[in-house]
Number of protein chains: 2
Amino acid sequence: MGRWEPNARGRLEEAALALFAERGFEQVTVAEIAGRAGLTERTFYRHFADKREVLFPDSSPLVTGFAAAIEAAPPAAEPMATVAEVLGTVAEFFTGRHAYSRQRTAVIAANAELREREAVKLAWLVDTLAAGLRRRGVAEPAASLAAEAGVAVFKVAHAQWVAEPEPRDLGELMRRALIELKSLTGAG
Amino acid sequence: MGRWEPNARGRLEEAALALFAERGFEQVTVAEIAGRAGLTERTFYRHFADKREVLFPDSSPLVTGFAAAIEAAPPAAEPMATVAEVLGTVAEFFTGRHAYSRQRTAVIAANAELREREAVKLAWLVDTLAAGLRRRGVAEPAASLAAEAGVAVFKVAHAQWVAEPEPRDLGELMRRALIELKSLTGAG
DNA sequence: CGGTTGATGTCAGGCACTGACATCACGCCG
DNA sequence: CGGCGTGATGTCAGTGCCTGACATCAACCG
């Protein structure tokens, strides 16, 4: 046995999500989160840069998987084919997490500060995807546009996915959204 | 003469941008901004919800013009044609503001909190544009996807526009970005 | 067995932000 | 003309987020 209970970070994440779901983000202090996890406020800030970050761990499957998916995607002449490949990989990270995703999304939607952090994480996905495409030889502004389009498809499909109480096939929703986008831009 | 100097809000905006450009966002306190404008910290918070908001006024040409442009756009069968129309109107709001836009963009790029606020304002543009398209009979998820695509084009073109010391034609950059996006999605 | 390491605790403090109340020129109304 | 409401601002006290500096102490290592 160690000197402290294990997995302090995970305990803080759990305590925070539970308290936020109960009372709302603003009605919970960092000291309360830490107390519920058996720690102090100061220790909370050794694990997370700020109060919001506890809901957006860099270790999340989405963040870690995203960058890896870009490198792992097979070479393709068409940027959007690579984007579609990455989206398919990303969809897998959400399987079995539908209930959790719904609760987390509800907490975030209820608070402006959290929506702000969510927006910046999505922007990070755009930048990461664009950088990956550039590394594969895609020029600007095509790389940025393809990345924006890909994340837009992800956002729309994910919103549809969490909107329903029963999980549908996220990969299928993404494929359909991508087809819809192609239809929209192709018709002009 | 009034009891107070006029245009307190404008003075606060000017003082803030100047101080942020000099020393960086974090190295400036709200009390300093207010002092430079001849006011107190408390009064600052009567004009702006928080320290960041002084750089993102709701009264900005972009924000006020965007919503109006959607309603003013002529009816069109194709969602992306409406989006293109709105982008054209938006481009006009930036004419003559190139130097100001460059300074403001540099200040924002230098700070994570400000990038966060910027991201949420862009998300607001997406939502506003999508709502406008729905009001014109465009169904989901086409409305959201078209809105995302439109704001993506705006972001990429605006980034190109402020990247160069001499102003180019923002409307032209947007048209080219839109064509590039169509080429990307159409080729898949 | 003594020294080092690393996660945690303790303490003090700055700054963002807010509620409550005071101030006082201006303009309206009698 | 004079009282009186209005509204922008000032003053003050307080909460909570976040940080730096230093202390603690089990586990590990040589």
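**Where chain A meets chain B**

Modeller: Happy to! Chain A can be laid on chain B by a turn of 180° and a shift of 0.0 Å along the axis, with an RMSD of 0.1 Å (a least-squares superposition on the C-alpha atoms of residues with pLDDT of at least 70 in both copies). That is the relation of a two-fold axis. Both copies use the same surface: 100% of the contact residues of chain A recur in chain B, where contact means heavy atoms within 4.5 Å.

Some ground rules first: this is a predicted model, in which local features need pLDDT of at least 70 and side-chain atom pairs count only at pLDDT 80 or more, while totals for chains, interfaces and linings use all residues. Residues are numbered from 1 along each chain as its sequence is written, chains are lettered from A and ligands numbered from 1 in the order in which they are written, and side-chain values use heavy atoms, with hydrogens and water left out.

Now to the contact itself. Chain A brings 29 residues to it, and chain B brings 29 residues. Between them the chains bury about 2700 Å², 69% of it on carbon and sulfur atoms; buried area is the accessible area (1.4 Å probe) that two parts lose on being put together, summed over both. A:Glu116, A:Leu145 and A:Leu184 supply 24% of the area that chain A buries against chain B, more than any other three residues.

A:Glu116 also takes part in a salt bridge with B:Arg52, whose closest N and O atoms are 2.7 Å apart. Across the interface of chain A and chain B there are 6 salt bridges (a side-chain nitrogen of Lys or Arg within 4 Å of a carboxyl oxygen of Asp or Glu). There are also 7 residue pairs in polar contact across this interface, both residues at pLDDT 80 or more. A polar contact is a pair of N or O atoms within 3.5 Å; within protein, one must be able to donate a hydrogen and the other to accept it, and residues adjacent in sequence count only if both atoms are side-chain atoms.

Which elements of chain A give two or more residues to the side that touches chain B? They are helix 5 (79-93), helix 7 (112-135), helix 8 (142-163) and helix 9 (170-187), helices being DSSP runs (H or I, at least four residues) numbered from the N terminus. Helix 8 of chain A provides the largest share of that side, 11 residues.
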